[in-house]
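I opened the notebook today with some helix packing to look up. Here is the structure I was looking at.

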Amino acid sequence: MGFQQGVALGAWTLPGLAFAVCATVILSEVAPKGLLFSLHPLFMTAAFILCIPYGLGTYRLEVLDAESKELAVIPVISKLRRTHMLWQVSGAIAIVLGLIAIISNKVVHNQLLAWPSIHAVVGVLVIVGVAVQAIIGSLKLRDLEASEDGVVEHTHRWHATAGAVVYTVGVIAVVLGAIELAQHHLWVGLTIIIAALLVFLEMVLVRLFVSPDNVGR
């Protein structure tokens, strides 16, 4: 197995494994002391460690033939677009649920008027970015499906780059939140930081080395 195939296989397995570890420590260490609060890091790690990384890697990872371990002909592009959309929508839903959880927790504890942290400010920017990406992505999908051959030149081509930027800022938000969490749950915070950064590094490697010519089709 070559380096490119190894990176691709790692990207298939690492997000799921990393999220499983994060979910385990959150539910075992944080949830018993505050179930409502624990849902915030749980859903946000689901979004930025599991769903969005898989969504971003869809076009590149699908070129790996699981049987031959060789780069194969890319599958039907419409299938890849649908898979990408499903992962990203799942990530967006997780973000909304995480937002609802933390707002509900603040309401319960009368903390709505508390001064926002850097984590909160960055988080709001990420939510805005995700919303814009969702709108642009749906418009792009509409234009592509309306075309006869499923290809439209220069249709929101910056959507992919913007998605990578939003994901990067999202990881920063997760790390900032984990730093705050580590003040009360050290090992949980450290686990989330390590998991988020490892998955982010894997996504960088995927973007650099796995089938870059197929991106944006």
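I began with helix α1 (residues 3-30) and helix α6 (residues 186-209), whose axes come within 9 Å and cross at roughly 160°. Angles over 145 degrees count as roughly antiparallel, so I noted α1 as roughly antiparallel to α6. A reminder to myself: this is a predicted model.

Next I looked up the handedness, and α1 passes α6 in a left-handed crossing. Which kinds of residues make up the contact of α1 with α6? I found 20 nonpolar, three polar and two charged residues there.

Then I turned to the other partner I had picked for α6. The axes of helix α5 (residues 158-182) and α6 come within 7 Å, and they cross at roughly 165°. That angle makes α5 roughly antiparallel to α6. I also checked the hand of this pair: α5 and α6 make a left-handed crossing.

Which residues make the nonpolar surface patch of about 470 Å²? My list reads Phe3, Leu201, Val204, Leu208 and Phe209. Helix α6 gives the largest share of this nonpolar patch, with four residues. I looked up valine 204 separately and found its place in helix α6.

Note on methods:
Residues numbered from 1 in each chain as written. Predicted model: local features only at pLDDT ≥ 70, side-chain atom pairs only at ≥ 80, totals over all residues. Heavy atoms only, no water. Axes fitted to C-alpha atoms, helices over the stretch in contact; angles between N-to-C directions. Helix = DSSP H or I, 4+ residues; strand = E, 2+ residues; numbered from the N terminus. Parallel < 35°, antiparallel > 145°, perpendicular 65-115°, else oblique. Left-handed = near helix turned anticlockwise from the far one by under 90°. Nonpolar A, V, L, I, M, F, W, Y, C, P; charged D, E, K, R; others polar. Patch = residues over 30% accessible without salt bridge, like charges linked within 9 Å, V, L, I, M, F, W, Y side chains within 5 Å. Areas by Shrake-Rupley, 256 points an atom, 1.4 Å probe, with all protein chains shown as cover. Salt bridge = Lys/Arg side-chain N within 4 Å of Asp/Glu carboxyl O.
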